[in-house]
Amino acid sequence: MMQHREVVEEESKLFEVRELLWEKIKEQLPSVEWTEARSIIGESLIEKNEELKQEILGLIEMWKAFQKDNNEKMQQTESSPLPTRSALPEPPHIRERLEKEISFFIEELSKRRTKKKLVEKTEVLTCERKNSSEILLGLTFQETEKDKSV
């Protein structure tokens, strides 16, 4: 008697190839009636189903072979270190140009910092002058008021 289901198991994935309906019918009938039942169902349908089952089994075998090859390649990739590449030589004058650009950048930052300090000092002096002027004007205004009252 034929096994009811062929099971293909690969890496925790289960593929189930079901038994053909014709195979189930054959199990239930005596062998002398198979020819008549086959003609009733249709010879071409039974043959096509058998061909499809064989094609499915072939695809599963191909998949298993692919998985095996893929797993081997993955293991090789994981076990071997990445190939080291030799560094390309620097293009000519790049380092010099980079050093000049960095120097220019630093000079510009220094100039801006100096300008900012000068502006801040100027603002402080201007504020002090305003305060001094206001104080002087206030004193002068107060003196003139005193003079008027006397």
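Helices and strands are here DSSP runs, a helix having at least four residues and a strand at least two, numbered from the N terminus. In this predicted model, the elements of the protein chain run β-β-α-α-α-α from the N terminus on, which amounts to 4 helices and 2 strands. Colouring by accessibility shows that buried residues make up 10% of the 150 residues.

Next, select helix α3, residues 43-79. Its 37 residues reach 54 Å from the first C-alpha to the last, close to the 54 Å expected at 1.5 Å a residue. The buried residues of α3 are I46, K53, L57, I60 and Q67.

Remaining on α3, select E51, which is exposed at 53% relative accessible area.

Now show the salt bridges, of which the structure holds 5. Begin with R38 and E43, whose side chains meet at 2.6 Å, N to O. R38 counts as buried at 17% relative accessibility, whereas E43 is partly exposed at 35%.

Proceed to K64 and E61, which form a salt bridge at 3.6 Å, N to O. These residues are 3 apart in α3, separated by about one helical turn. K64 is partly exposed at 25%, and E61 is partly exposed at 45%.

Finally, select helix α4, residues 94-149, where E101 and R97 lie 4 residues apart. Their side chains meet in a salt bridge at 3.2 Å, N to O. E101 is partly exposed at 42%, while R97 is exposed at 57%.

Notes. Residues are numbered from 1 along each chain as its sequence is written. This is a predicted model: local features need pLDDT of at least 70, side-chain atom pairs count only at pLDDT 80 or more; totals for chains, interfaces and linings use all residues. Side-chain values use heavy atoms; hydrogens and water are left out. Buried means under 20% relative accessible area, exposed over 50%, partly exposed in between (1.4 Å probe, protein chains only). The expected span of a helix is 1.5 Å times one less than its number of residues. A salt bridge is a side-chain nitrogen of Lys or Arg within 4 Å of a carboxyl oxygen of Asp or Glu.
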